Amino acid sequence: MPANTDDIRASVSKDIAALQQEVSRLQKMISAQGAEAYYEVRGRAGKVYDEALPRAKNAVAQIRAEGAAAAGAAREHPAATTTALVLAGALGFLAGYLLSGSPQPQHRHWWR
């Protein structure tokens, strides 16, 4: 029986060694695919960033120009600016007053 046990041990050792090699090969494959996917996603993100950057810069420039134009118009026409701001404030106050006067729903408690 000792020869049979030794044969079994040798066979199991060979199987374990083969499995270890297979696991190592699979790990290398997964690592390579992960690296490839990482670089692909990184490249796509870089392209999106590069495409969005000029648009964002253009939008910021337009916002600055509009802000400067609005400030210039306010400086040139202070009476009209004051009138518009007072009118907007009055409309906001009136809307708040009307909404606060509306009846609130009565909360009914479960014990009543």
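Which residues form a nonpolar patch on the surface? Here are some notes on that and a few other spots.

1. First, a word on the model: it is predicted, local features need pLDDT of at least 70, side-chain atom pairs count only at pLDDT 80 or more, and totals for chains, interfaces and linings use all residues. Residues are numbered from 1 along each chain as its sequence is written, and side-chain values use heavy atoms, leaving out hydrogens and water.

2. The patch consists of Leu 87, Leu 91, Phe 93, Leu 94, Tyr 97 and Leu 98, and together they have about 700 Å² of accessible area. Areas here come from the Shrake-Rupley method with a 1.4 Å probe, and for residues only the protein chains shown count as cover.

3. Take Leu 94, which sits in helix 2, residues 78–101. Helices are DSSP runs (H or I, at least four residues), numbered from the N terminus. Leu 94 has 44% relative accessibility, so it counts as partly exposed; buried means under 20%, exposed over 50%, and partly exposed in between (1.4 Å probe, protein chains only).

4. Ala 79 is also found in helix 2, and at 56% relative accessible area Ala 79 is exposed. Between Ala 79 and Ala 61 there are 18 residues in sequence and 28 Å in space, C-alpha to C-alpha.

Conventions. Patches are made of residues with over 30% relative accessible area and no salt bridge: like charges are joined within 9 Å, nonpolar side chains (Val, Leu, Ile, Met, Phe, Trp, Tyr) within 5 Å. A salt bridge is a side-chain nitrogen of Lys or Arg within 4 Å of a carboxyl oxygen of Asp or Glu. Helices (H or I, at least four residues) and strands (E, at least two) are DSSP runs, numbered from the N terminus.
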